[in-house]
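Here's a quick tour of the model you're about to see. Have it open while you read.

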Amino acid sequence: MIKPVIIFLSLVFFPIGVSAARYWSDDPRGSWQTADRSSAGLLPEASRHPDAVIRIYGARTLRWKAIFAIHTWIVIKEQNAATYTRYDYTAWGEPIRTNGFAADARWFGATPEAIVAVDGEEASRLIPKIRHVVENYRFRAYGDYSPWPGPNSNTFVQAVLNAVPELMAVLPPTAIGKDYPYEGKSFGLTASGTGVFASLGGYLGLTIGWVEGLEINFLGAVLGFDIRRPALKFPGIGRLGMAAGS
């Protein structure tokens, strides 16, 4: 038993070490007071883009937490709306922040990447479901936010994915908190409905599904692989292979 345990722990901690080395040698963002929070130019001007829009973005967190995790958020725009609406779940102030930042803003210097992108009629159909989750989110009181193992920003976004399985999306392995059991279930179907999961309070867990792939959650660190869109999943580093898509 010792050898498999050593191999498993090496697969968990070596990628984190690589991510840490990359952070210490190549993270120029500085402090949160001075980090860039301007638009990254990923979205067209809302008033000139009549189609409905759904986006889920993710970007590396600030300071040493960037070694391990990303922050994710939700952006929506109804058809013909002149503005985007952005929802973040944060550790300061009222947890659910609406339009606290530009829709596609850099997250304290880190350029976001799109995890989900849906436009047009499909977006129009799904936006009411997303709004319902946001308006009825359980952990919305002061003090509810917990960076580890959750509920945090990634728990919030995962709750949307759970309630809107049509998105058929998977948060990256670096979205620590996504495996926190928002509904209090220790096991059940995955968000896509194509697999099953088991979770011990977000600290330990196993997910197997066609959309989700195989994921082992060890103290929030996710290790696994994806067959549908071939890729390996490592803590700290993220996906190596095809993008997850939506």
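Predicted model: local features only at pLDDT ≥ 70, side-chain atom pairs only at ≥ 80, totals over all residues.

Start with proline 151, which sits in the loop between H2 and H3; helices (H or I, at least four residues) and strands (E, at least two) are DSSP runs, numbered from the N terminus.

Residues are numbered from 1 along each chain as its sequence is written, and side-chain values use heavy atoms, with hydrogens and water left out.

## Aromatic pairs

There are 19 aromatic pairs in the structure (ring centres of Phe, Tyr or the six-membered ring of Trp within 6.5 Å; planes under 30 degrees apart are stacked, over 60 edge-to-face, the rest tilted). Take tyrosine 137 and phenylalanine 139: their ring centres are 6.0 Å apart and their planes at 75 degrees, so this pair is edge-to-face. Tyrosine 137 is buried at 1% relative accessibility, and phenylalanine 139 is buried at 14% (buried means under 20% relative accessible area, exposed over 50%, partly exposed in between, with a 1.4 Å probe and protein chains only).

What about tryptophan 148 and tyrosine 203? Their ring centres are 5.1 Å apart with planes at 80 degrees, so they're edge-to-face. The pair links distant parts of the chain, 55 residues apart: tryptophan 148 is in the loop between H2 (120–135) and H3, and tyrosine 203 in the loop between S7 (195–200) and S8 (204–209). Tryptophan 148 is partly exposed at 42%, and tyrosine 203 is partly exposed at 37%.

## The largest pocket

The largest pocket has a volume of about 770 Å³. On a 1 Å grid over the protein atoms alone, a pocket is an open set of points where a 1.4 Å probe fits, with protein on both sides within 12 Å along at least five of seven lines; lining residues have an atom within 4 Å of a point. Grid points are joined across faces, edges and corners, and the volume is the space filled by probe spheres set on the points.

Of its 30 lining residues, the closest to the centre are Thr61, Lys65, Ala69, Tyr145 and Pro147. H1 (2–26), S2 (70–77) and H3 (153–163) each supply at least two lining residues, and H1 gives the most, with 3.

## Helix H1

In H1, the buried residues are Val12, Pro15, Ile16, Ser19, Ala20 and Tyr23. They pack against strands S1 (53–60), S9 (213–218), S10 (221–226) and S11 (231–234), contact here meaning heavy atoms within 4.5 Å. As a reminder, an α-helix has 3.6 residues a turn, so residues three or four places apart point the same way.

Which non-glycine has phi near 55 degrees? That's asparagine 99, found in the loop between S4 (96–98) and S5 (113–119) and partly exposed at 43%. Phenylalanine 108 also has a positive phi, about 50 degrees, and its place is in the loop between S4 and S5. Phenylalanine 108 is buried, at 7%.
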